[in-house]
Amino acid sequence: MLIAVVLAGGVGAVCRWTIDTAVSRWLESSWPVGVFLINVVGSFMTGFLTGATVELALFNVCVTGFCGAFTTFSTLMLGWLELTLRKRPVHGVLYLVGTLLACTLSVWLGLATGSF
């Protein structure tokens, strides 16, 4: 089980880096849009798998391993810090609050979808 969680975490981290890099290059935004999208998608996946009541082993691999590495609080904080250091503190706060609200809604939508 431990090896499966570790491998899933590695895949999640690589997916996060790949998606964030691609979105950042594509949109050329000063906002961390890639990390925002990743956190929303990962929150939905977590809610969905919780609602779907998958087996505990699969849940641990997918949610703890993959989603745990795919979505990270530290990456969210890095985006906030970068906006703040660029003297855009209002944008930083909007990014934090927007991410929290979007991820909360996303996890609830995932839960509802998975429970269906």
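Predicted model: local features only at pLDDT ≥ 70, side-chain atom pairs only at ≥ 80, totals over all residues.
Residues are numbered from 1 along each chain as its sequence is written, and side-chain values use heavy atoms, with hydrogens and water left out.

Begin by selecting S106, which you will find in helix 5 (residues 89-115); helices here are DSSP runs of H or I with at least four residues, numbered from the N terminus. S106 counts as buried because its relative accessibility is 7%, where buried means under 20% relative accessible area, exposed over 50% and partly exposed in between, using a 1.4 Å probe and protein chains only. Beyond its neighbours within four places in sequence, S106 is in contact (heavy atoms within 4.5 Å) with V40, S43 and F44.

Next, turn to the aromatic pairs, in which the ring centres of Phe, Tyr or Trp (its six-membered ring) lie within 6.5 Å, and which are stacked if the planes are under 30 degrees apart, edge-to-face if over 60 and tilted otherwise. The count by this rule is 3. One of them joins F44 and F48, stacked with 6.3 Å between centres and 20° between the planes. Both residues belong to helix 2 (residues 33-51), 4 residues apart, or about one turn of the helix. F44 is partly exposed at 31% relative accessibility, and F48 is partly exposed at 33%.

Finally, select F66 and F70, a stacked pair at 5.2 Å centre to centre with 20° between the planes. Because they stand 4 residues apart in helix 3 (residues 56-70), about one helical turn separates F66 and F70. F66 is buried at 19% relative accessibility, and F70 is buried with a relative accessible area of 4%.

Definitions and conventions: Helix = DSSP H or I, 4+ residues; strand = E, 2+ residues; numbered from the N terminus.
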